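Welcome! Let us look at this structure together and ask how each description of it is reached.

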Amino acid sequence: MNLEKVIFGFFIVLALTLNFGFVYGEIDQPHHHPALELFAAIVVNMMATGVKLGDRSQVGAVLLATSLVADLQLIAAALVWTMAVHVTQTGMQPSVMASIVSLAAGAVLANIVSVVMLVMDTMMLRR
Amino acid sequence: MKRTNAIWSTDLERVTSIVLRYMRTPILLLIVISAVTILGMVMIPGQPVNGEPSHMSFFHALYFLTYTATTTGFGEIPIEFSDAQRLWAMFSLFISVVAWVYAIGSIFGLIQNPFFQRALAQRRFSLDVSRIKGSFYVLCGFGDTGSLLTRGLSDAGYTVTVIDNDPVRIEALSLRDYPVTMPGLCADAGVPRRLIAAGLEMPNCRGVVAVTGDEGINRKIAVMAHLINPKVCTVCRSTSPVEEEFLASLGTVTVVDPFDTFSHQLSLALHRPSVHTLGQWLVGARGVTLDAPLRPPIGIWIVCGFGRMGRSLHLSMKACGVPTKVIDPRVQGESTAEGYVVGHANARTLREAGVERAVGIVAATNSDSNNLGILLTARALNPRLFLLARQNRHDDEVAFQSIGADLVMQPSLVTARRMLFLLVSPMIHAFLEFLQEARVSLVVDTLRRLNEAVGDERPELWTEIISAELGQERAALKAKGFDLILGDLLRDTRDREQSVACVALVLKRWKQTSFLPKGSEVLQQGDQILFCGTVRARRQITVTLNDPYIREYLITGTEEARGLLAKWLLESWRRRQRMAVS
């Protein structure tokens, strides 16, 4: 067992699960999607990105790319939230919530790709 | 080319991967600490609003952290903090500042990391090399010979890529004022990757010069260059005859032995002084004129120092029948022979060697201070001596100039010049070798002609190739009863009875080389001619070779009409003349 692999897998899977947890629920219901979960998803996703830095393999490069996509999607979601609540003062409308959740759902896709690649890589090694 | 690209990309890959691996821990730490502090600010209850404890939003918490962690500090927003929040704010400030300092420190550490800097330098070097447009040479070793060669090659219009394992020399390279940037890399030139990075595989690489201080590395470079790109010519410095034989068998490798070259030049200076002077004059050495070649006296010579240089010198002097005496502190096999004085060169040993009766002295030890001392002592004992000195270090030039030696020779300069001739103008090299074997009267005559043509001006050497256009013109000239003759091309464009101030030294047709072609020589397409003359002469000949009307005038003596109407009028006038005659 390799501690680095454990940490690596832990962050990648946790990024997916937290992200999924935020997205799960009625798409336009603000009380189904707490801000705390989005925050946790962003932080864990960034951690996952950081863990992948400096991997010179081909798989490592693609994993880093998917992770960056997920970061981008989630940060965009957070920005939409901030704009709606603090800048334009429109408040949390169902339509705003829907766009935030759909952005986060995109990040879920990217995270699924990450996890699939991680599983495939592990299968290939057979160790 | 493909493999060269692969090298650049691995360079880039290495740099990025070093950066990312170095930055991983600081980035992770920053993320964790920011997350913890933001979460704390959001969770901790603030001042009550309308009786209920308020909570900071994530946006405000992030904003607060941004100015706290960077120690800017804008105060408490959006409303005044509760004491619990203040407690947490203090904690946040300390840990986030520590995290930031750690991250910035790592960045500075990375910049100062020697491996990172080397990777960066390599990447910059390969980029610079890939941008070279014209022909270039790869130079391994940037010592005295290397820097002289670089100067000579840059004067001839080439770029040089330099590899040396001494960072000080590479630094010196970047401070020189070359017309184009000479990319330099501090690395071991004996590694094939470095040679490829220096552009050995590029199609515009013309040659490799191996002049590092290590003979083994020089040989390795020559072999590798031959293997990686057999098309380039390789010049290698080596002092061992065994290696010379081995390398010469590779075909494209030319070996230059500095001691051999030096003693050859020296014996040339002693026995064919005019040829030596001509060689010096052609490369533009300072203070050399053709009207008064230095004439070393004939008689007994004293050689001080019997190392590799002195031995080689002694042999070549012996071969020319010059009686020599040797002074050397080492007791060797030859020490019992006649004319060998054991001991350091001082007043006693010099007297023992018969300095009063000698005509010249050669100070050929490998130490400049010794050589200067020998010259001073010898001159005090016999003021009429011809002083010939070996100058080992390029920096000691001033000392040798002020001592007033008749002839100062630098092994590095001699080697560099020979290599330069081999690389840039093999025709001059062949010409000088031809003169060494030629009759004295021919040499004297050549010197006189060059002196008349160029005089005190700086001699210019250049090669012209007879173009296809000129070759086709020959048929038309023949119809008129003329031919493409070298002498006609050398006529002055303003007055065809005069000739321009230059001398044709070498004519190369296919593989055949003839020296000092006569004015009556008929030229063919593809002929290469090496000229020596003034700058103005060079310009005039370029004009002659490019302007058909001027050429016509120079060859036939009549100026052709240029316009169609004038041509027709001239033709009809001539026809009428002919009719009148008949």
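**Two chains, question by question**

Q: How many residues are in contact between chain A and chain B?
A: In this predicted model, 14 residues of chain A are in contact with 18 residues of chain B. Contact here means heavy atoms within 4.5 Å.

Q: What makes up the area buried between chain A and chain B?
A: That area is about 1,600 Å², and carbon and sulfur atoms give 77% of it. On the side of chain A, the residues that lose the most area to chain B are A:Phe39, A:Leu53 and A:Arg56, together 37% of what that side buries.

Q: Which helices of chain A each supply at least two residues of the side that touches chain B?
A: They are helix H2 (35-52) and helix H3 (58-87). H2(A) gives the largest share, 8 residues. By type, the residues of this side divide into 8 nonpolar, 4 polar and 2 charged.

Q: How many salt bridges and how many residue pairs in polar contact are counted between chain A and chain B?
A: The count of salt bridges is 0. For polar contact, the count is 3 residue pairs, both residues being at pLDDT 80 or more.

Q: What makes a set of residues a nonpolar core, and which residues touch the most other members of the largest one?
A: The members must be buried nonpolar residues joined through side-chain atoms within 4.5 Å. The largest such core has 50 residues, and A:Phe22, A:Leu74, A:Ile100, B:Ile38, B:Met41 and B:Phe64 touch the most other members. Elements giving two or more residues to this core include helix H1 (3-23) of chain A and helix H1 (2-43) of chain B. H4(A) provides the largest share, 11 residues. In soluble globular proteins, nonpolar side chains tend to be buried together.

Q: Which residues does B:Ile38 touch, not counting those up to four places away in sequence?
A: B:Ile38 touches A:Phe39 from chain A, and B:Phe58, B:Ala61, B:Leu62 and B:Leu65 from chain B. There is also a second, separate core of 27 residues, which includes B:Val138, B:Leu195, B:Ala210 and B:Cys236.

Q: How do you know whether A:Gln89 is buried or exposed?
A: Exposed means over 50% relative accessible area. A:Gln89 has 59%, so A:Gln89 is exposed. You can find A:Gln89 in the loop between H3 and H4 of chain A. A:Gln89 has a positive phi of about 60°, although it is not a glycine.

Q: How many helices and strands does chain B have?
A: Chain B has 23 helices and 18 strands. Of its 582 residues, 47% are buried. Among contacts in chain B between residues at least 6 apart in sequence, 64% join residues at least 24 apart.

Key
Residues are numbered from 1 along each chain as its sequence is written. Chains are lettered from A and ligands numbered from 1 in the order in which they are written. This is a predicted model: local features need pLDDT of at least 70, side-chain atom pairs count only at pLDDT 80 or more; totals for chains, interfaces and linings use all residues. Side-chain values use heavy atoms; hydrogens and water are left out. Buried area is the accessible area (1.4 Å probe) that two parts lose on being put together, summed over both. A salt bridge is a side-chain nitrogen of Lys or Arg within 4 Å of a carboxyl oxygen of Asp or Glu. A polar contact is a pair of N or O atoms within 3.5 Å; within protein, one must be able to donate a hydrogen and the other to accept it, and residues adjacent in sequence count only if both atoms are side-chain atoms. Helices (H or I, at least four residues) and strands (E, at least two) are DSSP runs, numbered from the N terminus. Ala, Val, Leu, Ile, Met, Phe, Trp, Tyr, Cys and Pro count as nonpolar, Asp, Glu, Lys and Arg as charged, and the others, Gly among them, as polar. Buried means under 20% relative accessible area, exposed over 50%, partly exposed in between (1.4 Å probe, protein chains only).
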